[in-house]
Amino acid sequence: MNKISHNWSEHVAFGAASTHYPASVAEVQEIVRGAGKVRVVGARHSFNHIADTAGALISLRALPRRTEIDVVAKTVTIDGGTTYAELAPVLDAAGFALFNLPSVPDFTIVGAVSTATHGSGNANRNLAASVAALEIVTASGDLLMLGRGDADFDGAVVGLGALGVVVAMTLDLVPRFDIRQTVYRNLPFETVVENFDELMGSAYSVSLFTHWNSEVVDQTWLKDLATARPPGAEFFGGTPAATEMSPVLGKEPYGTTGQLGSVGTWYDRLPHARIGALPTEGYEYQSEYFIARKDAPAAMRALKAVQSALHPALVVSEVRTIAGDDFWLSTNYGPDSVGFHFSMARDWAEVSKALKVIEAALAPFRPRTHWGKLFVMPAAEVRAGHPRLADFRALATRHDPGGKFRNAFLDAFVFGG
Ligand SMILES: Cc1cc2nc3c(=O)[nH]c(=O)nc-3n(C[C@H](O)[C@H](O)[C@H](O)COP(=O)(O)OP(=O)(O)OC[C@H]3O[C@@H](n4cnc5c(N)ncnc54)[C@H](O)[C@@H]3O)c2cc1C
């Protein structure tokens, strides 16, 4: 079987002794039973070593795709290898949708949920919120079924792959919907900061793109329900973009979802990138930090104050809001939150310097790091940001007493100390 050698951004070399592509759940069980150390990899889009292992690496791409829509319960059950790009058009054709999507649809759904991947919207929780049930092959090779309401469910959903191989997931559906996307340019920075909650709540999903180095926020992407009133010729001091935009100023808008007030189906507007538009390898680094939304204005001023230290590493920064949740290891556990994302050039010397500055600027707001992205925060600080960490450790240890699913990343940032 082909070895999976590295992650999407090509800078994390996987150290697995063997790679496996099971074609059935029974095969997954057999591999897990026979393995010393084992991890699952999804679409490889995480930027750190979270999916890595020195033992057996399992990809679920060869599992038969499962898309079982229950029109009465309004759910869909998928296998652990399905991506958002594969699922969304099928749901749409059946009259259904997921409530939200990430910026690109290429991730496996289980990989995204496992790291608390999110989209945007003051009222939208992260993507783990749509999970209604899980089927997990645990360290013993047995199948564990968990549903919403079960005692361990809130601990298992954002599971970082620590509980076992999620071979199936049931997701809540909503009726399909259309979204209108409009991009506004040059909102005055202070207007954005002073009206942060109202601005970020003014559409179903809102993203700010900025380089922090001017008195304006370069771009504000509004993704609103097609049934809502279209936004006007002026928006918090900004004006509509005259042409389609890339989030990165000066770049061609290759593969971006339709803008200029155009209406499209949910999966062709909620992400920034169209299905199939993202290259199979990416030459960038990404980092993201989450704090309570109430602290967003102060944090934005703190980031602007250190902007000169973010360059030349910074390509573009994105600000999104995410409603709070109850998943133990979620980066959005607790109060409503805001995520400060940084796309960076692939130059670790510059990036690590910039991350130190970002983490220091956000320290008063006790940031949590995105589980799938890069950070330089000491492990003890990462762990301290998760109030339910001890509960999660106990849960994972109950299902994996020998630490079969642990790797160096989890040993440091979850099980260390
Ligand atoms: C271009 C790009 C854009 C991004 N945009 C966003 C965004 O909009 N919002 C956001 O929050 N993040 C974003 N991310 C980060 C991304 O969502 C996460 O890294 C996500 O985990 C990637 O999913 P994946 O399928 O590639 O999982 P992988 O990176 O392959 O794995 C992630 C984790 O999930 C575990 N896992 C995967 N499958 C299973 C399984 N079946 N059972 C058990 N564990 C499993 C792995 O072991 C690992 O711990 C972006 C990343 C990239 C490269």
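In this predicted model, helix α7 (residues 296-305) packs against helix α8 (residues 348-362) at an angle of about 145°. Their axes lie 9 Å apart. The crossing of the two helices is right-handed. From α7, the contact takes in Ala299, Ala302 and Leu303. From α8, Ile358, Ala361 and Leu362 meet them. These contact residues comprise six nonpolar, no polar and no charged.

Next comes a sheet. Three strands form an open sheet in the order β1-β3-β2, and the pairing is parallel. Strands of a sheet pair through backbone hydrogen bonds, either parallel or antiparallel. β1 (18-20) and β2 (38-41) stand at the edges. Each has a single partner strand, so one side of each is left without a neighbour in the sheet. From one strand to the next, the twist averages 25°. β1 pairs with strand β3 (residues 56-59) over three bridges, in the parallel sense. Ser18 stands opposite Ala56 of β3.

Now turn to helix α2 (residues 84-93). Its buried residues are Tyr84, Ala85, Leu87, Ala88, Leu91 and Asp92. Viewed down the axis of α2, they fall within an arc of 160°, so they line one face of the helix. An α-helix has 3.6 residues a turn, so residues three or four places apart point the same way. What covers the buried residues of α2? Among the elements are the strands β4 (67-70), β5 (75-79), β6 (96-97), β9 (165-172) and β15 (262-265), along with helix α3 (109-114). Just after α2, Gly95 takes a positive phi of about 90°.

Note on methods
Residues are numbered from 1 along each chain as its sequence is written. This is a predicted model: local features need pLDDT of at least 70, side-chain atom pairs count only at pLDDT 80 or more; totals for chains, interfaces and linings use all residues. Side-chain values use heavy atoms; hydrogens and water are left out. Axes are lines fitted to C-alpha atoms, for helices over the stretch in contact, and angles run from 0 to 180 degrees between N-to-C directions. Helices (H or I, at least four residues) and strands (E, at least two) are DSSP runs, numbered from the N terminus. A crossing is left-handed if the near helix is turned anticlockwise from the far one by less than a right angle, and right-handed if clockwise. Contact means heavy atoms within 4.5 Å. Ala, Val, Leu, Ile, Met, Phe, Trp, Tyr, Cys and Pro count as nonpolar, Asp, Glu, Lys and Arg as charged, and the others, Gly among them, as polar. Two strands pair if DSSP finds at least two bridges between them. Buried means under 20% relative accessible area, exposed over 50%, partly exposed in between (1.4 Å probe, protein chains only). The arc is that of the directions from the helix axis to the C-beta atoms.
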